[in-house]
Amino acid sequence: MTSATDDGTTTKAAVTATASTESSSHEETRKLLKPNPSSDQVLVLLKKSFCAKQQPESGDAGGEEVQLEMVKELDSWDDKNYLIRMNGTSYLAKVHNGVESKDFIQLWKKQAKTTEKHAGESSSSSYHQSVIHLQNAIMEHLSSQGISTSKPIPPTTSGDCTSTDVDSSEPQPAVAIHSLPVVSEAHSPCDLVVRLLQWVPGRTMSSFRVLPIETLAEAGQFLGKVGKAFEKLPTTNLPACKRFHQWDGKNTNEVRNFVKCIDDERKRVMVTSVLDAFQTELIDSGVAETFPKRLIHGDYNDGNVLLDDNLFVSGVIDFGDSVESWRVLDISVAMTFAMLSPFGKKRRSISAAAAMLRGFHAVSPLMEVERRHLILLIACRLACSVTLSAYSYQQNPGNKYFLHQSVEGWEALDLIWGTDIQRRKSIGQSMNRLFDQACDCKAEIDKKNEGEKPGSVVFDCRDLVFPDPCHVDILSDIREVNKSDQKVDKPGNERPFKRRRSH
């Protein structure tokens with residue numbers, strides 16, 4: 001592989017190699033700079049930055065003492081998240097990874113120096129270019145569009161960041177900065193961004209032991225609405241949405257840097273074959289260039305989707321993976337995690353993915369070229385998840401969260417991809433038929449349950465419920481008799497729902 005042509009221009013191969021090196025280094029740095037504060041340290045910084053005494057009324061001797069309680073630490077990949085209560089009200093406290101924190105702090109301080117040097121002029125370098133500002137902007141925008149999500153709470157003080165560090169004439173971001181320990185002792189302490197966010201009511205989808213398939217369809221519909229809201233958010237002044245991000249599906253090929261962390265040879269072969277298919281079928285073929293682009297959530301999993309007590313979707317959280325990318329990635333990621341949801345884990349993973357697609361497609365219809373590559377994109381996300389989990393756990397064996405859903409992830413990847421090419425084609429054909437069926441059906445207003453949630457849409461998903469191929473079907477003989485009675489030429493061709501019109 002050469003790095004330059006005779007005329008001195010850089011080759012595509014050299015650019016790819018450079019990007020691969022940068023992505024590997026970026027992911028390694030994130031693991032080193034993962035926050036590692038104690039619960040006591042978090043409480044101290046929250047009291048300092050977000051819990052200043054309320055101002056006393058005229059004639060009073062002093063302000064009211066804020067009551068702060070640490071409820072529990074929450075799972076997180078690269079950050080530290082905590083459920084806390086302030087005066088009885090629940091909040092989410094987030095301590096950001098050192099990578100995003102450093103990016104934000106540098107831009108914030110750079111703005112102060114630029115403003116001081118060019119007084120009266122607008123600064124082109126500011127924290128508005130940061131990933132953290134992008135997340136704040138997304139939450140504010142979605143809330144304005146009627147979508148329930150977190151909202152940042154402005155701090156009463158900026159933490160360890162002094163007034164000489166920043167430009168006080170500019171609107172201050174809803175963050176505090178504190179010096180805290182990280183996983184790497186060599187990099188500790190490290191200046192990290194801390195945010196306090198409103199708590200979104202509801203329980204995560206992953207916390208339910210039993211889940212009806214219709215809830216997955218509604219979750220898909222909700223994601224479609226989020227996507228429509230994203231289309232109304234101008235991204236011109238949000239450059240962070242165009243950043244390189246390892247979890248952005250269009251960067252799937254960069255996972256090759258971490259395949260060596262997978263111990264099992266068969267699993268390495270399986271992941272490599274997914275990456276090869278991604279490169280050949282999407283990149284080299286030019287198909288990826290035909291995919292519509294927009295801002296996406298990027299991580300619509302069952303831990304980021306909230307449900308109320310009636311199993312209706314009540315909100316969405318966590319925009320750390322939001323980037324401007326292929327629109328189809330939002331639903332392919334959602335379908336991936338639907339396979340690993342409480343319903344999908346009951347050996348109904350392919351049905352779960354189809355239900356998620358049904359809801360999404362009803363609000364945000366996919367193009368044919370997007371639909372035809374859903375299976376590959378699901379496999380790509382699974383490959384990325386299990387590979388980076390292996391790498392992350394290798395770097396930090398004490399954090400079991402890195403292995404979260406790893407077992408189910410490998411099982412799902414083996415189910416839809418595996419190493420047997422003929423089996424892969426056969427399952428792919430069946431899945432495509434099911435996905436077509438999912439997109440053919442329209443939702444109807446549920447008149448009976450309008451009292452629970454007025455105007456709620458219920459998707460009839462009975463035609464999508466099938467056991468996974470790995471599940472022993474004890475009624476297979478009866479199904480074969482029924483197929484014969486229905487005079488169906490080939491197994492799987494019957495469609496209980498309305499057929500598409502032929503043109």
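Select α10 and helix α12 (residues 421-440) to begin: the two pack at an angle of about 110 degrees, with their axes 10 Å apart. Axes here are lines fitted to C-alpha atoms, for helices over the stretch in contact, and angles run from 0 to 180 degrees between N-to-C directions. α10 and α12 are therefore roughly perpendicular to each other; angles under 35 degrees count as roughly parallel, over 145 as roughly antiparallel, 65 to 115 as roughly perpendicular and the rest as oblique. Show side chains and you'll find Leu374, Ile375 and Ile378 of α10 meeting Gly428, Met431, Asn432 and Phe435 of α12, where contact means heavy atoms within 4.5 Å. By class, the residues of the contact of α10 with α12 divide into five nonpolar, two polar and no charged. For that tally, Ala, Val, Leu, Ile, Met, Phe, Trp, Tyr, Cys and Pro count as nonpolar, Asp, Glu, Lys and Arg as charged, and the others, Gly among them, as polar.

Some housekeeping before moving on. This is a predicted model, in which local features need pLDDT of at least 70 and side-chain atom pairs count only at pLDDT 80 or more, while totals for chains, interfaces and linings use all residues. Residues are numbered from 1 along each chain as its sequence is written, and side-chain values use heavy atoms, with hydrogens and water left out. Helices (H or I, at least four residues) and strands (E, at least two) are DSSP runs, numbered from the N terminus; the chain has 13 helices and 13 strands.

The axes of α6 and α10 (residues 374-395) come within 9 Å and cross at roughly 135 degrees. That makes α6 oblique to α10. On the α6 side, pick Val271, Val274, Ala277, Phe278, Glu281 and Leu282; on the α10 side, their partners are Leu376, Leu377, Ala379, Cys380, Ala383, Val386 and Thr387. This contact of α6 with α10 has 11 nonpolar, one polar and one charged residues.

How many of the 22 residues of α10 are buried? The count is 18, so to speak a mostly covered helix, with buried meaning under 20% relative accessible area, exposed over 50% and partly exposed in between (1.4 Å probe, protein chains only). For the chain of 503 residues, 49% count as buried. Zoom in on Thr387, which lies in α10 and counts as buried at 0% relative accessibility. Leaving aside its neighbours within four places in sequence, Thr387 is in contact with Val255, Phe258, Val259, Ile262 and Val271.

Next, select helix α5 (residues 213-230) with helix α8 (residues 349-363). Their axes come within 7 Å and cross at roughly 40 degrees. That makes α5 oblique to α8. From α5, the contact includes Ile213, Leu216, Ala217 and Gly220, and from α8 it includes Ser351, Ala352, Ala355 and Gly359. The residues of the contact of α5 with α8 divide into 10 nonpolar, five polar and two charged.

Now for helix α4 (residues 131-144), where 11 of the 14 residues are buried, so α4 is largely enclosed by the rest of the structure. Among the buried ones are His133, Gln135, Asn136 and His141. After α4 comes Gly146, whose phi is positive, near 85 degrees.

From there, jump to Phe104 in helix α3 (residues 98-117). Is Phe104 buried or exposed? At 0% relative accessibility, Phe104 counts as buried. Not counting residues up to four places away in sequence, Phe104 touches Tyr127, Ser130, Ile132, Pro173, Val175 and Val193. Draw a distance to Leu192, too: 88 residues separate Phe104 and Leu192 along the chain, yet their C-alpha atoms are separated by 9.3 Å.

Most residues other than glycine have a negative phi, and most peptide bonds are trans. Check the loop between β5 (176-180) and β6 (190-198), the place of Pro189; the peptide bond from Ser188 to Pro189 is cis, with omega near -5 degrees. Asn87, in the loop between β2 (80-86) and β3 (89-95), has a positive phi of about 55 degrees although it is not a glycine. Finish at Arg347, in the loop between α7 (328-339) and α8, where phi is positive at about 60 degrees and the residue is partly exposed, with a relative accessible area of 39%.
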